[in-house]
Amino acid sequence: MTSSAEDSVEREAIYVVVPAYNEAAMVGSVVLALRQRYVHVVVVDDGSSDDTAGVATRAGAITLRHSINRGQGAALQTGLRYSLQCGAHCIVTFDADGQHDHRDVEALTRPILTGQVDVALGSRFVESGSAEGLPWPRLLLLKAAVMFTRVVSRARVTDAHNGLRAFSRRAAERINLTVDRMGHASEIIDQVSDSGLPYMEVPVHIRYTEYSRLKGQTELGAVSVLAGYLLGRLRR
């Protein structure tokens with residue numbers, strides 16, 4: 001098989017899942033960038049009141065819709081389930097607010113497709129990673145989340161709330177998100193750690209814009225995320 005044929009096979013095997021809520025202003029450019037290389041871009045419109053689904057579809061995405069807003073965790077679970085049903089070998093999760101760089105996806109999927117690991121977690125804090133325009137209050141929150149994750153989930157990670165990740169098929173089959181909202185990020189790390197499957201962190205580049213800062217978590221929101229995650233752990 002030629003390298004170009006191998007490249008084509010790999011592109012067919014990869015599904016990129018983009019959860020989106022009221023992202024009509026940004027999701028079109030995100031999908032167009034991903035579609036330059038990846039055939040299967042799945043946008044899960046989580047009950048948006050704007051034209052997120054229409055914009056994503058016109059940009060070339062496969063669009064799934066929740067009739068009500070359930071939260072990013074629920075949207076990711078819908079996208080993972082759909083991708084597995086379609087036969088995906090590798091599934092990437094990617095935020096809709098434009099803070100991720102589509103060029104990082106290849107670095108995440110490579111260790112999955114070569115069988116090196118089953119899960120590749122994006123990190124802006126490892127060597128060669130970066131976080132442009134990261135506000136210091138959010139930096140403190142992210143560092144606190146890492147310490148919390150290391151204690152509670154027993155996972156040695158440097159970035160606990162990065163939406164850019166890649167899963168092998170067998171890893172995605174073991175992900176069952178029960179925390180619908182933003183606490184799902186910690187739940188994913190819990191389930192990866194508990195699965196015993198090999199994982200690694202991969203440097204990625206995050207670019208905070210005024211738009212993405214407005215869409216991100218506030219300090220008060222972080223408390224709500226923590227409460228949701230802890231309640232989810234108690235229910236399991």
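Helices and strands are named here from runs in the DSSP assignment, at least four residues (H or I) for a helix and at least two (E) for a strand, and they are numbered from the N terminus. The exercises below use these names on a predicted model.

**Exercise 1. Find where Arg154 and Ser128 lie, and decide whether each of them is buried or exposed.**

Solution. Begin with the place of each residue in the chain: Arg154 belongs to the loop between α6 (136–152) and β7, while Ser128 belongs to the loop between β5 and β6. Next, recall the cut-off, by which a residue is exposed when its relative accessible area is over 50%. Arg154 has a relative accessibility of 57% and therefore counts as exposed, and Ser128, with a relative accessible area of 54%, is exposed as well. Finally, look at the backbone angle phi. Most residues other than glycine have a negative phi. In this model, however, phi of Arg154 is near 55°, a positive value, and phi of Ser128 is near 85°, which is also positive.

**Exercise 2. Describe how β1 is covered, and state which strands pair with it.**

Solution. First count the buried residues: 7 of the 7 residues of β1 are buried, and the strand is mostly covered. Then separate the two faces. In a regular strand the side chains alternate between the two faces of the sheet. On one side of β1 are Ile14, Val16, Val18 and Ala20, on the other are Tyr15, Val17 and Pro19, and every one of these residues is buried. Now turn to the pairing, where β1 and β4 run parallel and are joined over 4 bridges, with Val92 of β4 as the bridge partner of Val16. On β2 there are 6 bridges to β1, again in the parallel sense, and there Val43 stands opposite Val18.

**Exercise 3. Explain why β5 is described as largely enclosed, and name its partner strands.**

Solution. The first step is again a count: 5 of the 5 residues of β5 are buried, so the strand is largely enclosed by the rest of the structure. Particular pairs can be found in the structure: Phe167 in β7 stands opposite Val119, and Val202 in β8 stands opposite Gly122.

**Exercise 4. Identify the residues that touch the most other members of the largest nonpolar core, and follow the contacts of Phe94.**

Solution. In soluble globular proteins, nonpolar side chains tend to be buried together. The largest nonpolar core of this model has 32 residues, and those touching the most other members are Val16, Val18, Leu34, Val43 and Phe94. Two or more residues of this core come from each of β1 (14–20), α2, β2 (40–46), α3 (52–58), β4 (90–93) and α5 (105–113). Another core, of 27 residues, lies apart from it and includes Val42, Leu64, Ala171 and Val192. For Phe94, neighbours within four places in sequence are left aside, and its contacts then include Val16, Val18, Leu34, His100 and Leu164.

**Exercise 5. Determine how many cavities of 30 Å³ or more the structure holds, and describe the lining of the largest cavity.**

Solution. Rolling a probe the size of a water molecule over the atoms shows where empty space is left. The structure holds 3 cavities of 30 Å³ or more, and the volume of the largest cavity is about 60 Å³. Its lining includes Leu121, Gly122, Asp159, His161 and Ile189, and β5 (119–123) and α8 (184–195) each supply at least two lining residues. Sorted by class, the lining of the largest cavity contains 5 nonpolar, 3 polar and 2 charged residues.

Key. Residues are numbered from 1 along each chain as its sequence is written. This is a predicted model: local features need pLDDT of at least 70, side-chain atom pairs count only at pLDDT 80 or more; totals for chains, interfaces and linings use all residues. Side-chain values use heavy atoms; hydrogens and water are left out. On a 1 Å grid over the protein atoms alone, a cavity is a set of points where a 1.4 Å probe fits but cannot get out, and a pocket is an open set with protein on both sides within 12 Å along at least five of seven lines; lining residues have an atom within 4 Å of a point. Grid points are joined across faces, edges and corners, and a volume is the space filled by probe spheres set on the points. Ala, Val, Leu, Ile, Met, Phe, Trp, Tyr, Cys and Pro count as nonpolar, Asp, Glu, Lys and Arg as charged, and the others, Gly among them, as polar. Buried means under 20% relative accessible area, exposed over 50%, partly exposed in between (1.4 Å probe, protein chains only). Two strands pair if DSSP finds at least two bridges between them. A nonpolar core is a set of buried Ala, Val, Leu, Ile, Met, Phe, Trp, Tyr and Cys residues joined through side-chain atoms within 4.5 Å. Contact means heavy atoms within 4.5 Å.
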